[in-house]
Amino acid sequence: MKRETLNESLARLRREKPTPEPPQESSSDPKGGAPGKGDNLGVKPVDQVDSEIDGEIDDMAAGKGAGKSIGKPGDAHKPSSLTAEGAGPTGSRGPIPASKASDLPAWVQAKLKRRLSAEGSRRSQSQGTERPAESDSCAPRPSGDSSESMALPRATPLAPVTSGDPEGLADTQTELGPVCARTTEYARHSVHGSWELGEVAHSAADVFALLAADSSLAAVDPLKAIYLDIETTGLSGGAGTLSFMVGLGTFAAGRFDLWQGFLRGPEGERALLAMVAQKIRGADCVVSFFGKSFDRHRLEDKMRLHGIDPPFADRPHLDLYHPLQRLYGGVWRDGRLGTMESELCAVERVDDLPGSYAPAAWFDYLARREHRLEAVFRHNRDDVLSLVVLAAHLGAVRRNERSSGLSLGGPQRARAAGLAKSLAQAGRYSEALDYSHLALSPPTSSPASTPIFGQAPPEPDTRSIQADVAADASLPATRYWRARELHASLLVRNGSWRTAHGAWVELSQAVSTVSGGGVIAVRALIEAAKLSEHRLGEPERGLELCRQARQRAGSELGMRGRSRLLADLDRRQARLAARLESGHSQAQS
Amino acid sequence: MHGELPPRSQLDVAGGPSNDSSSTGHSSTGSAGSAASGPASGPATALPGPAGPSPDPRAGGARRSRRRRDAASIADDLRADPELRDRFVRFERLPARPGLMEAFPQGLDPLLVEAFKRRGHRELYSHQAEAIRLALAGEDVLVTTATASGKTLAYTAPVLQSLIDTDGAARSLWLFPTKALSQDQSASLNGWIEELGGAWHSYTYDGDTPPSVRRTLRERGHVILTNPWMLHQGILPNHAKWADLFAGLHYVVIDEVHTLSGVFGSHVANTLRRLLRIARHYGAEPKFLLSSATLRDPAAHGEGLIGRVPRVVDCDGSPRGERIFALHNPPMLNPVAGLRANALEEARALSRHVCGPGHQTIFFCNRRTSVEVLTRYIKEAAPRLGLKPDEVRGYRGGYLPLLRREVESGLKSGAVKVVVTTNALELGIDVGSLDVAVLVGYPGSQASFWQRAGRVGRRGETSLVVMIARSDPVDQYLVSHPDYLFEAPRESLGLDPDNLVILSEQLKCAAFELPFHREAPEHGEDQPASKGEAEGESVGAVRDFGSSPHVDGILDYLAQEAGFLHGSGDSWYWMADAYPAQDVSLAGNEPDNVVIFDAESGDAIGEVDREGSITSVHEGAIYQVEGETWKVERFDYENRRATARRVESDYFTDAQTDVEVRVLRLEERSSRPRRGKVGTTSRLPEEEVEFESGESGRGSTEPPGPGLAGDVDRSEDYSVWTGEVHVTTVPTLYKKIRFYTRENVGAEDIHLPAEELDTEAFCLTLSEESASDLFLHSGDRGAAWHGLGELLRRVAPLFLRCQSADLGLSAQIKSSHFGRPTLFLYDRVQGGVGLSRLLYRDHRLLFEAARDVIEACDCVRGCPACLGPVEEIGAAGVETARALLDHFLSGAQLAATLCADSEEEPQ
C-alpha cells in the first residue's frame with residue numbers, strides 16, 4: 001500500500017484547497033428515505049426507459065421500508081447544509097489552484113463550472129418544496145451558491161471532532177497490501193444494554209430457523225457465528241460505493257473480539273475485502289441486521305469486482321431484521337436496529353453519530369480535515385454488539401425468559417402472535433394454536449403458564465378467545481385482527497369446528513365496527529359459512545351467513561378482487577339454496 | 001442509398017405505366033455498392049420492365065370492397081386522377097431485384113446451418129455472409145443496408161456460433177434504441193436458441209423486467225437484450241452484479257446506430273467507452289456488431305461510436321419487391337404569394353385513393369400536431385373510404401404505452417387499416433408489412449426517408465411510397481433535385497463524444513464504476529492478479545477513455561473543484577455519496593418532462609419535454625391527442641405539470657418566442673478580405689484575391705475577438721465562425737389558427753420564464769462595408785437578413801443529420817458583439833454536439849443549396865418554400881438574399897484565421 005503517496009497527495013490537497021466540498025448530488029438519501037426511494041429514482045418520462053437502478057432497489061423494496069437504514073435519526077431533519085466548521089463559505093474558495101487542474105483551459109473550467117452550478121440550481125429549485133425546514137440551529141444554511149452547499153449531513157452537536165488517524169489502528173501485512181483495523185476484546189460476560197454478550201450461547205437455534213423461515217439456520221451455533229456490520233460511503237449501491245469500515249465480531253475462548261477493518265484510502269479496498277472474506281469463511285454463520293439486503297450485497301459486489309470469491313453463498317445468514325419484524329412489526333414507530341436494541345435490550349447509545357453521517361466523516365478524514373471518525377467507530381461497535389444481544393433475545397423467545405431466569409421483556413402478545421404465524425406457516429398447527437391463544441390472552445400470564453414447544457397442547461376446545469382482550473400497545477390493531485383470523489383458522493386446522501365457527505362469527509361481529517374491517521368480516525363470514533355447510537351440517541345457517549357475507553361484500557366498494565368474490569358468493573349461495581331445496585323435497589317425499 | 005441502388009427507371013408523369021423512356025441504370029457512386037447490387041446474372045436481364053406487373057387499371061373499381069388491393073393499382077389511380085395527376089412531378093419505379101445469394105460461411109456450425117435451412121434460408125444474402133465471415137474472424141462489423149434486408153440475421157448468427165463454440169461461455173449484450181425493439185428481438189432469438197437445443201437463455205432487461213427475474217438473468221443470461229438507458233443507469237454502475245456477463249462478453253450488438261447521433265449518440269459513445277473499460281477489467285475484449293441504415297460515411301460514424309474503425313458491409317444482397325415512389329408537389333395556389341396548397345390538405349385529398357379497407361396505409365407526419373389533425377380528417381372521412389373510424393388510428397410519442405401497444409397489435413393483425421404517425425413508427429417496431437406509405441413532407445434526413453419507405457412492401461410485393469412536398473425549402477429543393485433522394489447519402493451525423501459537458505458527466509459515471517489512473521497501474525504492485533482473468537493490465541488508464549486531451553483535467557476538476565472524486569497520487573476514485581448515472585440523462589436534457597393531466601379525471605394524458613413545454617402547454621394552448629383537443633388550463637412550471645380540459649376546439653395554437661444570443665467565446669474563424677467594391681470583387685478571378693492565411697494572418701491582422709466591435713477590421717469582407725454562446729428564449733405570444741382554413745383567429749400573450757441555453761453556434765458576419773455595397777443597409781434589410789438565416793437553417797438538414805428545429809437562429813443586423821450584420825445558427829442542446837462545426841465546414845454547400853432553392857422557386861417575391869413570404873422578408877428580400885448568396889459564393893473561398901481564445905465570462 002502506498003501510504004506515503006496518499007499522505008503526500010492529501011497534504012497537497014490540503015495545501016491547495018482547504019475545503020473541497022462535494023456538491024449536492026442527490027436529492028434525498030436513498031437508503032434513508034426508503035419509502036420514497038422508488039420515486040427518487042423512477043420518475044422518468046413514461047416512454048423513456050426507466051432509470052431503475054439495478055438490484056439495489058429490488059433488495060430495498062423487499063425490505064418494505066424499515067431496515068436499519070431506514071429512517072435513521074437525523075434523516076427527518078437532516079441538515080441540508082453544512083455546519084459552520086464543516087467548510088468555509090464558498091467565497092473563500094479562491095481561485096482555481098495552479099495544480100493539475102490547470103491543464104484544463106480556463107474556458108473549459110468556466111464551462112464546467114457554469115454547468116455544475118446550473119445543475120445545482122435546477123436541482124435545488126426542484127427540491128425546494130420538499131426540503132424540510134431547518135430544525136437545527138447549529139446547521140446554518142450557507143449564504144453562498146446553493147450548488148456548492150453540502151448535501152451530506154456532517155455533524156451532530158454532540159459528536160466531537162478529531163484530526164488525523166483514529167487511535168488504535170494496527171496494520172497487518174497481507175499479500176494484497178496492508179490491512180488496517182482496530183481490534184477490541186470484550187469479556188464474554190460484558191454487558192451491552194441489559195444483556196451479557198455471552199447469553200447468546202443459550203439460544204435455541206431452531207427458533208432462528210423458524211422465524212427466518214430458513215432451515216439452514218436450524219443447527220447454527222451462535223458462538224461460531226460472525227457478527228457483521230459495515231459503514232459505507234453511500235447507500236445507493238453500485239460500484240462507486242465503498243465499505244470503508246467493516247465491523248466483524250466473533251466469540252473466542254471466554255472473549256468476544258470486535259475487529260473493525262478500516263480503509264485509510266480507496267486503494268486499500270481490495271486487501272481489506274480479501275481479509276473480510278477470509279474471516280467470514282472462518283465462521284459457521286453470518287449474523288447481521290438487514291444485511292441480506294444491504295451489507296451482504298455491498299461486500300459481495302465489491303468482492304466480485306476485485307476478483308475475490310464472496311463467502312456468503314454457502315453460509316447460513318441470520319438477518320435479524322426479518323425475524324424481529326415478524327415478532328414486533330407494527331409495535332414501535334419503526335423497525336430500525338436502534339429501536340429494537342433499546343426496546344428489547346435497553347441499549348442506550350451515548351453521543352451516537354447516526355450512520356447517515358458516516359460518509360462525510362470518512363470524506364473529511366481523506367481530505368485531512370477534522371473528522372468524526374471516532375464516532376463512526378463507536379457507532380459501528382454498538383451496531384455489532386447489538387447484533388449479539390438481539391440474537392440472544394431472539395434465541396430466548398420460545399422460553400419467554402432469559403437463561404438467568406429474568407423476564408424476556410418486550411411485548412409478549414405481539415411476540416406470541418408472530419410465533420403463532422411462523423409455526424402455522426411451518427405446518428405446526430397445534431403449537432401455533434397455543435401461541436395464538438396466548439396472543440389473545442391478557443398479557444399478564446406468567447412464564448410458567450406459557451406453552452412450551454413440544455408439550456402436548458391442552459384440549460383445544462377448552463380454549464376460546466376472550467372477547468374483552470382487544471388490541472393494545474402490546475398487540476397493535478392491525479396485527480390483532482390478523483391474529484384473530486389466524487386463531488380461528490388454527491381452530492379449524494385443529495379440528496375444533498364448533499369453537500372455530502364461534503370464533504369466526506364473533507370476529508365478523510367484532511371487526512365490523514372497525515374502520516376497514518369489512519374485508520375481514522366478509523372473509524370471516526365465508527369461513528363460518530363453510531364450516532356450517534361442510535362440518536357442522538347446518539346448511540340453513542350456512543345460507544344465512546352466506547347472505548350476510550354477500551351483503552357485506554356488496555357494500556365494500558374498494559375491496560380487492562371484489563367482483564370475483566361476489567360471483568363466488570352468488571354461486572355458493574345458489575348451491576346452498578338448491579341443496580336446501582332438494583333436502584326439503586326429499587324430506588317431503 | 002449507396003449500395004442498395006438497383007437500376008431504376010423513371011416514368012414519365014403524363015405517360016402511363018408502359019412508358020419506359022429512361023432507364024437510368026446504376027448511379028456510379030461507390031463502386032462497392034454498385035458491384036454488390038449487380039449479381040452475376042445481371043440486374044438488367046433479371047428485371048421486368050416497369051410495364052411487367054402493370055395491373056388492371058380498373059382494379060380501382062373494387063376499391064371499396066374488402067378485397068386485398070395491390071399498391072401498383074393505387075399508383076395507377078393516382079396517375080389517372082385528372083385532378084391529382086399533374087401534381088406528381090415524378091414517378092420513380094425501383095424495379096424488383098433478385099437476391100444476391102452466397103453459401104454459408106465456412107466457420108458456421110453445421111447445426112446452425114441446419115437451423116437456417118429449416119427456416120427456409122437455403123443460402124445467405126451476400127451482405128449477411130460477408131458480415132458473418134468478418135464477425136467470425138474477430139472484426140468489428142457495421143452492416144449498413146436497407147430496412148428489412150436481414151441485418152438481424154447477420155448478427156444473430158455470429159452470436160449463436162459463439163455460444164456453440166464456447167458451450168455457452170460466451171455472452172453478448174444487445175442494445176436497441178427502443179424498448180419495443182428489444183422485446184421483438186428477444187422472442188425471435190429464443191426461437192433460435194430453442195431450435196439449436198442449447199441450454200442458453202436470452203433475456204430482455206429493461207424497466208419492465210420484474211425484480212425476481214433480474215437475478216436470474218444476471219447470472220444465466222447468455223444474451224442480454226437491453227437499451228442504452230438501462231446500460232447507462234442500471235448495468236454499468238452495478239457491474240459487479242454482472243461480473244459473469246462482462247467476464248464472458250464476446251459481442252456487443254447495437255441495432256440502428258444511425259439513430260445514435262447528436263447528444264444522445266455522444267452520450268452513448270461514452271457509455272460504450274465505459275462498457276469497454278469494465279469489460280477489460282473483467283478480462284474481456286468484446287467485438288462490436290453494428291447495424292445501421294445507410295450513412296454518408298459509415299466507418300467514421302462507427303469509429304465515433306465505438307472508438308475503433310469497424311469493417312463496413314454495405315453491399316445489399318437482399319431481394320426487393322418492386323417499389324414505386326411518387327413525388328407530389330402541391331399546386332401553387334397563389335404565385336405572387338408563392339403559396340402552395342397545404343401538404344396536410346393534399347394528404348387528405350390523396351387519402352381517397354390511398355386509404356381503403358383492402359390494404360394498409362401509413363401516413364408519416366413530421367409534427368405531432370399534424371398527426372392529430374390528419375387523424376381527425378381521415379376519421380371523419382372514414383365512411384366514404386369504406387372504413388370504420390376505429391380502423392383509422394393515430395400513433396406518436398407522448399401517447400401512453402398501452403394505447404401504443406394497442407395500435408401496434410392492430411396493425412399487425414390487420415385490424416387497423418390506416419395509421420397516422422410521426423417518426424415513432426419509423427424504427428423497426430414490428431407492425432407487419434404495410435402497403436402504402438405517404439410521407440407528408442420530407443422527414444428531414446435520407447435515412448429517415450428510407451426507413452419510412454421501408455415500412456411498406458416487406459413481403460416482396462409492389463409497394464407505393466408517396467412523398468408530398470411541403471412549402472418548405474428542403475422539400476422544394478428535393479422536388480427540383482429529386483435525384484438527391486436516390487443517390488448516395490449526403491448527410492453527416494453530428495457526434496461529439498468529447499463534448500466537454502457530455503464528457504465530464506460521463507467521466508463522473510465512469511469514475512463511479514472504476515477508478516482512473518494517470519497511467520495504467522503496474523501489474524503486480526498495486527493490483528496484483530489474484531485470479532488471473534480478473535485483472536486487465538491497462539484497466540482504468542486515462543488514455544483509454546477517448547482521445548480528448550482534457551480527460552486528466554476534467555478528473556482533476558471533478559476532484560478538486562466539484563468534490564466528486566478523490567485524487568490520490570496518480571489515481572482518481574469516486575468519493576461522494578451519490579449515484580451519478582441517475583443524474584446524467586443520455587438525451588442530454590434534464591429528466592423533467594412536463595406531464596399533462598386531465599382536469600376532470602386527474603389521469604395523465606401525455607407529456608412534453610422541458611424545451612417544448614413553454615410553447616406547447618402554456619396556459620391557453622390547445623393540446624391534441626388522437627384528434628381530441630384539450631385546452632390547457634393551468635401550467636405549473638415549477639412542478640412540471642399541466643392541467644388540461646377536454647374541449648371541442650375548432651382551432652389549434654402556435655406559439656412564438658424571442659431569442660437573445662450572447663457570445664461567450666469564439667473558437668474558429670474563416671474569412672476573406674474585401675477587395676475594392678464588392679460588385680467587382682465578386683467577379684474577380686480567384687488568383688487576384690488575397691488569402692488571409694491561418695498561419696501568417698496572425699501577425700499582420702488584429703486578432704478578432706470580443707474587442708472586434710470597436711475596431712472593425714476594415715479590410716474584411718465576411719467571416720464564418722464557431723463559438724460558444726448563451727441563448728435566452730422567451731415565449732411571447734401564441735396564435736389561434738383555425739383547423740382546415742388555417743385562418744388566424746386571435747393571439748394572446750404567454751407569461752412564462754425564459755429557457756436558458758449554453759451552447760455552440762455557427763456565426764456568419766458581414767462587414768458593414770460589404771453590407772452597404774449589397775444594399776443590406778437600406779429598406780427591409782433586417783427582414784431579408786433574417787429570411788436568409790431562416791433559409792440556411794432550413795436547408796441545413798440536407799447536409800447534417802438533424803431536424804432544422806435542432807438548430808436555433810438569431811439574425812441581427814447589428815450584433816452587439818460583432819457590431820455588424822450577424823447570423824447565429826446554434827445547436828439547441830446544452831453544450832452542443834458538433835452541429836455548429838459541421839455547419840462551419842459545409843457552409844459553402846449550405847449557401848449553394850439556399851441559392852438553388854431561391855433560383856428554382858416559382859414564386860414572385862418570396863414564399864414559405866424559399867426565403868419566406870414577402871410580408872416577412874420585405875419587398876426586396878429575394879433580390880437582397882440572392883445578391884448576398886451570389887456574393888458569398890463568388891470569388892475566393894474563405895481561409896482559416898486564428899481565433900483568440902475569449903476568456904469572457906458570461907456575466
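This is a predicted model: local features need pLDDT of at least 70, side-chain atom pairs count only at pLDDT 80 or more; totals for chains, interfaces and linings use all residues.
Two strands count as paired if DSSP finds at least two bridges between them.

**View 1. The seven-stranded sheet of chain A.** Seven strands of chain A form an open sheet with mixed pairing. Their order is S1-S2-S7-S6-S5-S8-S9. Strand S1 (170–174) and strand S9 (317–319) of chain A are the edges. Each has a single partner strand, so one side of each lacks a neighbour in the sheet. From one strand to the next, the twist averages 30°.

**View 2. Strands S8 and S9 of chain A.** Strand S8 (residues 285–288) of chain A runs parallel to S9(A). Three bridges join the two strands. A:Val287 has A:Leu318 in S9(A) as its bridge partner.

**View 3. Helices H9 and H11 of chain A.** Helix H9 (residues 337–345) packs against helix H11 (residues 373–396) in chain A at an angle of about 50°. Their axes are 10 Å apart. The angle makes H9(A) oblique to H11(A). The crossing is left-handed. H9(A) brings A:Leu337, A:Met340, A:Glu341, A:Leu344 and A:Cys345 to the contact. H11(A) answers with A:Asp383, A:Ser386, A:Val389, A:Leu390 and A:His393. By class, the contact of H9(A) with H11(A) has six nonpolar, two polar and two charged residues.

**View 4. The two domains of chain A.** Chain A divides into domain 1 (170–396) and domain 2 (412–588). Their C-alpha centres lie 42 Å apart. Eight residues of domain 1 of chain A and 10 residues of domain 2 of chain A make the contact. On the domain 1 side, helix H5 (205–211) and helix H8 (321–328) of chain A each supply at least two residues. H8(A) gives the most to that side, with three residues. This side of domain 1 of chain A has six nonpolar, one polar and one charged residues.

**View 5. Helices H15 and H16 of chain A.** Helix H15 (residues 497–511) and helix H16 (residues 518–535) of chain A have axes that come within 8 Å. They cross at roughly 155°. H15(A) and H16(A) are therefore roughly antiparallel to each other, since angles over 145 degrees count as such. Their crossing is left-handed. From H15(A), the contact takes A:Trp497, A:Ala500, A:His501, A:Trp504, A:Val505, A:Leu507, A:Ser508 and A:Val511. From H16(A) come A:Ile520, A:Ala521, A:Ala524, A:Leu525, A:Glu527, A:Ala528, A:Leu531, A:Ser532 and A:Arg535. The contact of H15(A) with H16(A) divides into 12 nonpolar, three polar and two charged residues.

**View 6. The domains of chain B.** Chain B is split into domain 1 (9–98 + 320–486), domain 2 (101–313), domain 3 (500–524 + 537–583), domain 4 (594–649) and domain 5 (659–729 + 756–897). Between the C-alpha centres of domain 2 of chain B and domain 4 of chain B there are 40 Å.

**View 7. The five-stranded sheet of chain B.** Five strands of chain B form an open sheet in the order S25-S24-S28-S27-S26. Pairing is mixed. Strand S25 (604–608) and strand S26 (622–625) of chain B are the edge strands, and each pairs on one side only. The twist averages 35° from one strand to the next. Within this sheet, strand S24 (residues 594–598) and strand S28 (residues 641–647) of chain B are parallel partners over four bridges. B:Ile596 faces B:Ala642 of S28(B) across the pairing.

**View 8. Helices H28 and H30 of chain B.** Helix H28 (residues 843–856) and helix H30 (residues 877–889) of chain B cross at roughly 145°. Their axes come within 10 Å. H28(B) passes H30(B) in a left-handed crossing. B:Phe847, B:Glu848, B:Ala850, B:Arg851 and B:Ile854 are the contact residues in H28(B). They meet B:Val878, B:Ala881, B:Arg882, B:Leu885, B:Phe888 and B:Leu889 in H30(B). The contact of H28(B) with H30(B) has eight nonpolar, no polar and three charged residues.

Notes:
Residues are numbered from 1 along each chain as its sequence is written. Chains are lettered from A and ligands numbered from 1 in the order in which they are written. Domain bounds come from an automatic or database domain assignment. Two residues are in contact if their C-beta atoms, placed from the backbone, lie within 7 Å. Ala, Val, Leu, Ile, Met, Phe, Trp, Tyr, Cys and Pro count as nonpolar, Asp, Glu, Lys and Arg as charged, and the others, Gly among them, as polar. Axes are lines fitted to C-alpha atoms, for helices over the stretch in contact, and angles run from 0 to 180 degrees between N-to-C directions. Angles under 35 degrees count as roughly parallel, over 145 as roughly antiparallel, 65 to 115 as roughly perpendicular and the rest as oblique. A crossing is left-handed if the near helix is turned anticlockwise from the far one by less than a right angle, and right-handed if clockwise.
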